[in-house]
2 protein chains.
Amino acid sequence: MQDALNRLNLAITEVVDLQRAAALLEWDEQVYMPPGGAAVHGEMVATIRKTAHQKLTADDVGSLLGALEPALPALPPDSDEHRIISVTARDYRKAVRVPAAFVAEQALAVSAAQHAWIEARSRSEFAHFQPHLEQLIDLKRRYIDFFPRGAHPYDTLLDEFEPGITTADVQAIFAILRPRQVALIRAIADRPQVDDQFLRLPYSDSEMWAFGDEVISAFGFDWTRGRQDKSVHPFATGIGPDDVRITTRAVSGQPLSLFFGTAHETGHALYEQGISSAFRRSLLGDGASLGVHESQSRLWENLVARSQPFWQHFFPRLQQRFPSQLGNVTAEQFYRGINKVHRSLIRVESDEATYNLHIMLRVEMEIAMLSGEVATHDLPDLWNTRMQEYLGLMPDSDAGGILQDIHWSIGAMGYFATYTLGNLISVQLWNAFGRVQPDRDTRMAQGDFSTLLEWLRTNVHQFGRKYRPQELVERTTGSRIDPEPYLEYLETKYGRIYGL
Amino acid sequence: MQDALNRLNLAITEVVDLQRAAALLEWDEQVYMPPGGAAVHGEMVATIRKTAHQKLTADDVGSLLGALEPALPALPPDSDEHRIISVTARDYRKAVRVPAAFVAEQALAVSAAQHAWIEARSRSEFAHFQPHLEQLIDLKRRYIDFFPRGAHPYDTLLDEFEPGITTADVQAIFAILRPRQVALIRAIADRPQVDDQFLRLPYSDSEMWAFGDEVISAFGFDWTRGRQDKSVHPFATGIGPDDVRITTRAVSGQPLSLFFGTAHETGHALYEQGISSAFRRSLLGDGASLGVHESQSRLWENLVARSQPFWQHFFPRLQQRFPSQLGNVTAEQFYRGINKVHRSLIRVESDEATYNLHIMLRVEMEIAMLSGEVATHDLPDLWNTRMQEYLGLMPDSDAGGILQDIHWSIGAMGYFATYTLGNLISVQLWNAFGRVQPDRDTRMAQGDFSTLLEWLRTNVHQFGRKYRPQELVERTTGSRIDPEPYLEYLETKYGRIYGL
């Protein structure tokens, strides 16, 4: 058996090397590629991803797995060997179900749809994108047909991003979140608004960048195994645990956006830097899921960097960098200002109180699209009705409504729910850490994040994809993914700020 | 036939995509990689290069070539079709001769040798590197045995970098260059030395960088299809013609080094940007050879950017950037200063008058090593004797002598001659351009390089690897590679500067 496992691991190293290379090329495309390089980058990445797929679905991988799987029952279920075999088998069996011709057909449809979406968004005209969306939905239905039928066809799409989570799970969570989040933001809207005039002043981007560097160094970002650059949209990408890259960007009129981008992406990066080196060239060497990944970014962005104790330590440092803008502002005023609730039509501008409502709207629409409950040309109306219902806002254009997100145009359906799952998990982890570290907030107020990072390393990061999301959350927090702690956190935090 | 050719081209696109991806990863390694990323980069590049090799040597490539080669005699020999088939066949047949196990063995030996070389150089102790060099020479002998025996075993190594050039060709060229270059530098040493005190002052790197950008924009570097960054050693890399990247670096005490690095690498970059887009995803989409590539870098660096007419236009612009350093210097003084002949022990610090002597020394040693005429432990003595003979200098350490270059430690033997061939070809091309463009120097003195670039595009760049080096030089200049024009150029240039 050991020999077969060694051979499997060796075969998989090449799959992983190629996937990592594609990730680095995609990083380069967003960060340093000259504009003329778009075509050659597209070609390189397509060939590398195709080759990785060929190597993962190669006959010898199949026969090695065939030899190894019968040994699984005899292995301890939590052993690395067991998980390497079972995760590799899961990836292999998913990959072999989807014919290469389908992948190529979908890649062509996505390429056309993405161009159409850009055009449709610039013209604010959903009708221009609608036939492409129709085609992508049809492709998703065909994709789902390659897999065993679950309780709901949408399950197959969710499973891509959040293994083991079903449509029913997500719907049950949303049913709890929706009424309380809607009630919360209505209550906030009735209260006197928070003053954040000091955030309307000009701030130097380079000074804010330097502040971000100072903060993430304190978080424990390892600069010998990572770097930060600028890009149009912030993102994090791990080329394995020893080369993890983050980006951020300045947003005009939102001076803290650059810093919160850095803090968010650092959460992703700390996860990647913390994955066990034993999994470095295996299929376990990634985050457990997009939701678990998002729990890390949200934890550092929101539970740490939007908290009172954090600013107790860092606000005087920020004041030193921006004396004219913040010299007469108190830490408490600053904390309230950066946590002001703005109902916004745009997801990426939304705050903690409203974010999940944006997500629910999209996920509900995806489920409706896929089941055929709603025709694609009726989608803008549905969008606008729900937006009014959840946030009390009415989009005045398709561009600021249904066309705002890139996801559908790139064929990503089933993805949005992971943002909300990440929010919920972040608070569950935060509370679990608080239980073992009662002076959590005191340490944070001293700028000391070492025990937090250590705890996350031990309980989350190191495992990579060894455990599935629900399994990992349950091991670490004692509960499965649960909306209640998140709602309590939100209601407490905003209750204090708005005096509810 | 057209169908087989289409299928061959399609198969080769993946080989090219992978090679380009490896080149971009290597660029990243030199420019932006955090230090911890070294291992994962090594793994990614090794897997990609191995996979590209597998795809090039795949059975279907062999059988398509087997079907296409009989059609060659019926195709016009200068047609793209003919050359695509014949160049692909040449690459394929070379690749299949070398067993994968040998490639892996050599990669391991190189990795160990490179570490040993770094250590040996830092200790200045050749004996530490000697056993590794011995092993690499042995590997080169075994490599040569995979190929049909030429007139000299070294021919096989030369052919890697300069297809069609033989050891006899190189030796014949050196026999002409050597005595006249030695005589030239002896004559220069007897003359009053040039004053270059103004180059001993501090210059701002960022201002020099901006000057370089100004100059290469005038050369015609296409910034939409390229970029410039900093790295430890300057280099150029083409990720296809639409994404060509150059680097340069500041050298303490040599203020113009940053600019000449930029000019040199821009010569390489203009070549890559100018290769016909018809060859973009084929094996023809690279430079004809390292020598031809070097002819382009040397042409822009030396024949343009170290010339009097160039500085007639650009010296006033440089003066504006550095008024305190250059305000009282004339263009003529500056021209003489930057062309001052320094005999140096170090190849990369050497000037036009001495450079080829450094190369000859290395190539002669490689030939001697390979033929077994000299034992490896006698190499430092041979190095020092020749250095004394050619340049009148005696290294005081191995680090400043035989251990100065990285090439042998990375398994590159047969490479050095291409630097000299590039010098020779650069002058042949320059003269050929001067014959069709008699006001060449006047235009250059006006900062107009458009006809030069256009001529190089038409006569050199567009062809990529379509023609072999000798064939290309003969088509473009009417002669084969010839040392005479280079010697005339050197003797005229330095004759004027030193009053010989």
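Hi everyone, one definition to start: two strands pair if DSSP finds at least two bridges between them. Helices (H or I, at least four residues) and strands (E, at least two) are DSSP runs, numbered from the N terminus. This is a predicted model, where local features need pLDDT of at least 70 and side-chain atom pairs count only at pLDDT 80 or more, while totals for chains, interfaces and linings use all residues. Residues are numbered from 1 along each chain as its sequence is written, chains are lettered from A and ligands numbered from 1 in the order in which they are written, and side-chain values use heavy atoms, leaving out hydrogens and water.

Let's begin with the sheet in chain B. Gly238(B) stands opposite Val244(B) in β3(B). Three bridges join β2(B) to β3(B), residues 244–248 of chain B, and these two run antiparallel. On β1(B), Lys230(B) faces Thr248(B) of β3(B), and five bridges link β1(B) and β3(B), which run parallel. Overall, the three strands make an open sheet with mixed pairing, in the order β1-β3-β2 (chain B). β1 (226–230) and β2 (236–238) of chain B are at the edges with a single partner strand each, so one side of each has no neighbour in the sheet.

Helix α1 of chain B, residues 2–31, lies across β1, β2 and β3 of chain B, at about 35° to β1(B). Angles here run from 0 to 180 degrees between N-to-C directions, and axes are lines fitted to C-alpha atoms, for helices over the stretch in contact. Contact means heavy atoms within 4.5 Å. Helix α9 (205–219) of chain B also packs on the sheet, touching β1 and β3 of chain B.

Where do the two chains come in? The axes of α2 (residues 38–56) of chain A and α1(B) come within 9 Å and cross at roughly 105°. That makes α2(A) roughly perpendicular to α1(B) (65 to 115 degrees). Among the residues that meet there are Met44(A) and Ile48(A) in α2(A), and Leu18(B) and Leu24(B) in α1(B).

Last stop, chain A: the buried residues of α16(A), residues 379–391, include Trp383(A) and Tyr390(A). They pack against α6 (126–145), α8 (167–189) and α15 (355–371) of chain A. Gly392(A) follows α16(A), with a positive phi near 70°.

Terms used
Angles under 35 degrees count as roughly parallel, over 145 as roughly antiparallel, 65 to 115 as roughly perpendicular and the rest as oblique. The expected span of a helix is 1.5 Å times one less than its number of residues. Buried means under 20% relative accessible area, exposed over 50%, partly exposed in between (1.4 Å probe, protein chains only).
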